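Welcome! Here is a short tour for someone meeting this structure for the first time. Please take a look at it before reading on.

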Amino acid sequence: MNSLTASAAIATGRVQLANVRQNALVTARVRALWIMVLFIFASLTACVRIAQLGLFEQTPERTSLAEALLPSRGEITDRNGIALARAFASYSLWFNPKAMGEGGAPLVKTPEEVARALVGIFPDADYADLVTRLKAGKPCYLRRRVLPEDANKVFALGEPALEFPREEQRFYPQGSLAAHVLGYVDEAGKGHVGMEQVLEPRLLDPAWRGTPTALSIDARAQGALEDELGRGMMETMAKGAAGVILDADSGEVIALASLPSFNPNRSDLAYNDLVFNRVSNQVYELGSTFKPITIASAIDAGVVTDLSVRYPAHPLQVGKFTIHDSHDFGASLNVPEALIHSSNVVTAQVADKLGPVALKRTMEQLGMNERPTIELPARGFPLWPHGGGEGGKGDWARLTTMTVSYGHGIAVTPLHLASAYAALVNGGIWRPATLYKVDPAHLAPGRRVFQASTSARIRQLLRMIVVDGTGRKADAPGFRVGGKTGSAEKPGSGGYRKTSLIATFAAAFPMDKPRYVVIVMLDEPQATQQTSGQRTAAWNAAPIVGRLVPRIGPMLGVVPDAHHDVDISDLSPLVGSGEGE
Amino acid sequence: MMVSANRFRSIGWIALLLVCAALVMVLAFRVNSLRSQVHRTELQIVALRKEKLYLETEVETRANQQQLKLWNDVEFGYVAPTAGQYLANERQLAAFAKPDGPDSPEPIRVASADDTVAAEAAFPSVISGLAADISAPATSTDEDEKPAAKPADPADRVKAAANLGARLATVAPIKKDGKDAKGKSEKAKSDKSKSGKDGKSKDGDKKASLAKASKTTKDAAAKPGKGAKLAAGKTEAKSGAKSGKTPAAKSDKSAKGSKPGVKLAHAGSKSAP
């Protein structure tokens with residue numbers, strides 16, 4: 001058949017031409033069909049894709065608004081909502097030696113030149129260390145928490161190997177403020193020292209970390225306390241200082257400072273001796289500040305019923321030991337005079353009358369025999385005097401009772417003292433100190449240590465000490481400050497050291513209705529020109545309180561009033577104008 | 001015919017289906033586009049919130065307690081306020097008010113009280129005595145109204161003291177015309193009504209003294225009239241104002257030529273001790 005057709009085609013040129021035309025037409029149609037198929041396929045694909053996108057497609061990494069804004073670690077604020085610690089994406093300085101490709105030098109300039117330029121931007125950087133790191137050629141952090149302007153300066157160096165990744169880190173906008181309360185977060189994201197450690201589970205819990213945690217701290221009062229303590233420390237060239245402001249009724253810690261402090265923003269440098277908290281962890285013999293506690297215990301027990309009764313003020317011989325006063329106060333003193341002039345002898349006699357059982361019970365009720373009650377992990381155990389009997393748990397010896405009465409032979413933290421003073425002045429209820437903001441309607445259950453009448457009497461006596469006695473320099477006008485000085489010699493090898501003192505002032509204000517307790521302590525203050533050559537608390541710790549209270553009072557809602565004061569008219573006649581009788 | 005109708009109907013159904021499908025499609029597209037808009041906005045919100053946090057943190061860092069203290073030491077030198085800079089209560093504030101001297105300029109009074117607040121004032125003796133002399137003749141000896149002259153009970157005083165702050169804070173524009181007696185203070189009203197009376201009886205002599213008024217207080221206490229209730233009750237205050245309105249306006253008009261209108265309202269208190 002094929003041969004037939006072929007022969008026919010050859011036979012007539014017309015047939016041949018028609019055949020060619022037919023072929024060309026078929027080819028063209030096939031091609032058109034192909035193109036149409038392609039177009040249909042393309043448009044179908046497009047339609048399907050559009051439908052898919054329009055109807056079903058969800059954005060792949062769709063996260064809720066709340067999730068996107070959830071910080072990696074919860075924020076900590078003060079009682080008024082001022083941020084003390086927050087998760088914050090800050091720049092880091094990262095050395096990436098492979099930024100300019102494999103092989104060849106990682107840096108454009110020499111490592112020495114780059115290190116020198118970096119030291120020019122960050123003056124506290126270590127030149128030798130930088131050179132070593134840059135030469136090593138290993139990727140590493142050169143610095144964390146770089147300020148944006150510093151990052152720009154580094155960028156201007158023109159080194160591609162220096163990169164600035166933004167990383168979420170812990171940032172403390174207030175710097176070293178309340179460092180001992182907050183603690184710090186290390187590079188691995190673990191909290192240390194303060195509330196960062198205590199609150200860790202809550203701060204990391206996705207259910208909780210979105211809401212800031214409010215502490216009881218007031219940043220303004222904290223700033224004032226640190227400032228005044230720092231000034232006092234500098235003026236007296238003391239080794240250290242500690243201070244705490246406590247709400248007398250609720251036990252909330254309004255401010256807590258231990259100096260010298262550390263900067264939690266430099267977590268790489270934070271772990272050193274300075275993280276040691278003098279307020280809650282270090283125990284001291286706090287000396288005469290214990291006298292009001294002894295007197296309160298005696299008034300409460302009915303041992304001191306008449307404040308005009310006079311006690312001999314001569315040095316007191318107890319066994320081989322002699323109890324002295326700092327000065328000779330004359331032949332005799334009554335209880336108000338003993339507090340005003342801070343007489344060890346008279347306080348010891350009152351304690352002797354009171355007896356070891358009652359004094360010990362008072363001290364135990366004030367929590368002096370256990371670690372201070374506060375959330376901080378670092379809490380010091382007091383040096384509690386041994387009693388007689390089995391395991392030293394019996395009654396105290398007569399001499400122990402007497403020395404404890406004026407704050408020797410017992411060592412507690414300044415926080416113990418603050419809680420005890422709160423109980424002394426607030427009507428007699430002891431409450432645990434807390435760093436959480438407390439709703440006034442849900443106060444922690446306290447325990448009654450003193451009767452309300454005893455507390456009222458002690459308020460008068462503490463006010464008298466500031467008006468007429470050793471605490472005069474703490475008398476901030478209009479704030480009705482009351483308090484007691486304490487200057488205790490530090491124990492060293494071979495007895496107490498005469499020139500190494502712990503100077504404390506324990507105060508509360510306003511005395512007609514105490515709202516805040518302030519404890520200020522200086523560790524080994526020196527006699528300087530500012531303290532008129534004295535190293536006792538009346539000259540160094542009391543003035544700090546005198547300057548601090550007017551600064552914090554109005555901020556904490558205590559309005560100064562020169563026409564208002566606690567009534568001490570019934571006690572004033574008992575106090576001689578001289579140095580006792 | 002039947003076939004074509006059926007066919008027509010089925011074509012109609014298909015067309016309807018297609019239209020519905022197209023509408024659903026359009027709706028779905030719109031929903032999705034809106035959804036992605038929302039998502040984009042959320043991303044924007046997140047970015048802005050982060051930016052806000054960043055700026056907030058920067059401000060807090062630059063203005064932290066230590067920095068503020070340094071600035072204060074170097075630049076400002078602010079110190080904590082002292083006891084003398086505080087006022088304990090409204091009484092201390094009132095103690096700053098100076099009594100007018102014989103030729104002292106009239107005080108410009110802008111504090112006013114609406115009648116409801118003023119009615120709670122309960123400062124009975126002086127004002128009621130004064131008012132009694134002005135607006136009620138001594139003939140009014142109603143036994144029923146005697147209690148009104150008694151001092152207000154302590155509860156009223158406490159209430160009045162609590163409201164004093166609010167009353168002092170009420171500010172009203174100074175009215176130049178004596179006709180607008182309603183917007184003025186209680187005192188202004190009583191003064192005005194007094195001046196009105198004086199104006200009527202003593203040919204517009206506006207220097208009637210409070211000393212004189214206090215003399216009459218005794219009488220008023222014994223025989224309180226309409227004016228005795230002026231300070232105690234709203235309606236009475238209004239009636240007192242009304243009673244003094246016409247003559248007051250008259251005396252104001254007569255004095256307008258020589259004194260500014262503001263002072264006129266207080267003409268009666270000019271020579272008060």
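A crossing of two helices is called left-handed if the near helix is turned anticlockwise from the far one by less than a right angle, and right-handed if clockwise. Helices (H or I, at least four residues) and strands (E, at least two) are DSSP runs, numbered from the N terminus.

This is a predicted model, in which local features need pLDDT of at least 70 and side-chain atom pairs count only at pLDDT 80 or more, while totals for chains, interfaces and linings use all residues. Residues are numbered from 1 along each chain as its sequence is written, and chains are lettered from A and ligands numbered from 1 in the order in which they are written.

**A pair of helices**

The crossing of α12(A) and α14(A) is left-handed. Their axes come within 10 Å and cross at roughly 35°; axes are lines fitted to C-alpha atoms, for helices over the stretch in contact, and angles run from 0 to 180 degrees between N-to-C directions. Among the residues that meet here are I295(A) of α12(A) and V350(A) of α14(A), where contact requires C-beta atoms, placed from the backbone, within 7 Å.

**The sheet and its helices**

In chain A, five strands form an open, antiparallel sheet in the order β10-β9-β19-β18-β17; two strands pair if DSSP finds at least two bridges between them. β10 and β17 of chain A each have a single partner strand, so one side of each is left without a neighbour in the sheet. Six bridges join β9(A) to β10(A), and A242(A) stands opposite S258(A) there.

| Helix | Strands touched | Angle |
|---|---|---|
| α18(A), residues 452-468 | β17(A), β18(A) | about 75° with β17(A) |

**The core**

Which residues have the most contacts inside the largest nonpolar core? They are L246(A), V517(A) and V545(A), in a core of 133 residues. Such a core is a set of buried Ala, Val, Leu, Ile, Met, Phe, Trp, Tyr and Cys residues joined through C-beta atoms within 7 Å, buried meaning that 20 or more other C-beta atoms lie within 10 Å of a residue's own. Helix α19(A) gives the most to this core, with 10 residues.

**Where the chains meet**

The contact takes 28 residues from chain A and 21 residues from chain B. On the chain A side, α10(A) gives the largest share, four residues.

Notes
Two residues are in contact if their C-beta atoms, placed from the backbone, lie within 7 Å. A residue is buried if 20 or more other C-beta atoms lie within 10 Å of its own, exposed if 12 or fewer, and partly exposed in between; C-beta atoms are placed from the backbone.
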